[in-house]
Amino acid sequence: PMPILHRIAPRLLLCVALSAGVPGVHAATPPQDPLEASIAGEFALQAGQLPEAARQYLQAARAASDPVLAERATRIALLANEDALARESYGLWKSLAPQQTAPRQAVAATLALRAGDRRAARRELQALIRDGDDGWKYVLGALIGAVGQQPKLVVAMLDGLVEDDALPNRLEPWLGFGGLAQRLEQPALVERIVQQVVTRFPGEPRVALLRAQLLREGGKLAEARPLLAGLEDAARLSPQLRWSLAGEYDALGDAAKAAEVLSRGPQDDVSYAQRSALLGKAKDKVGLASLYEELKREATRPNPMRRLLLGQVAEQLERFDEALAWYANVPGEEAQGIARLRSANVMFQLQRKAQAFEALRAIQSDATLDETSQRDAYLLEAELRLKDKDAAGELDAYARGLAAFADDEALLYSRALLWERRDDIAKAEADFRRILVISPDDVNALNALGYTLADRTTRYQEALELIDRARVAEPGNAAIIDSYGWVLFRLGKVREALGHLRHAFALQQDADIASHLGQVLWVLGEKDEARKYFDEARRIDPENRSLKRALQDVGA
């Protein structure tokens, strides 16, 4: 849909723009017109000024008597940690739409939790639990929404729900609350939940999977493995369980076993591709060769994706001539671009670099191919120039790509990463901002620019505003939560940062997040736990740049 700002009459835009340029004008003379107020709120939101955005949306909601705007003001205020403003907006929302709904009651529960009102929080949570099949999901969301402000109260509420036997007698709620207890690092509560699950759902394979996951996360890998082994027969009969079991073996560090689990059962292009990736990760050439033979038996069918996959497996086996032959015989116009790109990559691996770059130039100028393939040829050329340590050639590939595809966001984003890698932060920022001019709500660019400013400059408040804009769009994104925790650390809010970084790592085990978490723990004096996360980052990516900077900063 067209952004709201593009639909505004020019006179009104001029009015808002002029008032926005005068310091303090909104505080002195808040706009009374609901459209004007909502536009001002949108401007503030685009600038990452969440408290101001919430105030303007509240003003618009009052002027228009609009419960939708009141709800938006409430949710933005909660993200901004402006609890007084959130309560005011919530009161208006409730008065404009008196009929109680689960989403609004979840907000009421979050506000009560954040305020430390144990009695009100308990009342709202219990009402939600009783509210139909999905009430527990809203309870879980409310608890998560208050973790940063009242972690001890959240643990107490969670403990009370388990103690009172308030959770529905279904596996999913118990798994969800067990996961939250695990993220909150409450081993005794986790064990109580697990015991309840085992008693309530005997013989349920997902219970054993949960126990194995919790053991793994607790570092008890040897105890987790027998539980997984006991699920292998059941996984043969359930595709969903098979994928989950493979994922857990992969998380355990046994990618080859994960591939073996996936091999037991009906196969399709997705499972074949995942097996290939897992065997490549495990550096299991024997397993890859077996998969290659399995794939070849069906290669007579004119299936473009199957032949592309055969080419990629042949690449992994370093059978480069065979890979080129597969790519040359990929049928269908749609897959031709991908096949030619992969062929260029293989030529580079064969040290036929001039031929590889010539092939990429041919793709870039071939008007019969789709524009995505042409654009990707510039991205691949830049990547190969980087591998060839040709700094000038890498930059030239981006320049030519952007000349052919002006303001292409993928090219701009990749070039911004190049500038950041070369420590030219001003140019990285310029490319990120060009993306935001084209797509003001591009979450990746907002987060990348905010993180870059937080990590590589002292412009922390500006970084926070950018990251907050990304948080509004994707509040559950682990990378954005990591960026938010990191900028809070840079702002000196170390304890507050810790909770967000723990949350991010629970969502995604990533080397950057582990490095940030280790550095924050080190600063707080928790050096043994910090070393654990530094070791985890080293296991995931020994050459990680965030890890190297963190170790240098703390002197570990």
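How many nonpolar, polar and charged residues are in the lining of the largest cavity? Sorted by class, that lining has 3 nonpolar, 2 polar and 2 charged residues.

## The cavity

Keep in mind that this is a predicted model. Searching the whole structure for cavities of 30 Å³ or more turns up 1. The space inside the largest cavity comes to about 40 Å³.

So who sits around it? The largest cavity is lined by Arg122, Leu125, Gln126, Met157, Gly160, Leu161 and Asp164. Two elements, α8 (118-129) and α10 (151-163), each give two or more residues to this lining.

## Helix α22

Now over to another part of the chain. Helix α22 covers residues 333-349. With 17 residues at 1.5 Å a residue, α22 should span 24 Å, and its end C-alpha atoms lie 25 Å apart, so the two values agree.

After α22 comes Gln351, which has a positive phi, near 65°.

## A look at Asn345

Let's zoom in on one residue of that helix. Asn345 belongs to α22, and its relative accessible area is 10%; that is under the 20% cut-off, so Asn345 counts as buried.

What does Asn345 touch, not counting residues up to four places away in sequence? Its contacts are Glu315, Leu380 and Leu384.

Conventions
Residues are numbered from 1 along each chain as its sequence is written. This is a predicted model: local features need pLDDT of at least 70, side-chain atom pairs count only at pLDDT 80 or more; totals for chains, interfaces and linings use all residues. Side-chain values use heavy atoms; hydrogens and water are left out. On a 1 Å grid over the protein atoms alone, a cavity is a set of points where a 1.4 Å probe fits but cannot get out, and a pocket is an open set with protein on both sides within 12 Å along at least five of seven lines; lining residues have an atom within 4 Å of a point. Grid points are joined across faces, edges and corners, and a volume is the space filled by probe spheres set on the points. Helices (H or I, at least four residues) and strands (E, at least two) are DSSP runs, numbered from the N terminus. Ala, Val, Leu, Ile, Met, Phe, Trp, Tyr, Cys and Pro count as nonpolar, Asp, Glu, Lys and Arg as charged, and the others, Gly among them, as polar. Buried means under 20% relative accessible area, exposed over 50%, partly exposed in between (1.4 Å probe, protein chains only). Contact means heavy atoms within 4.5 Å. The expected span of a helix is 1.5 Å times one less than its number of residues.
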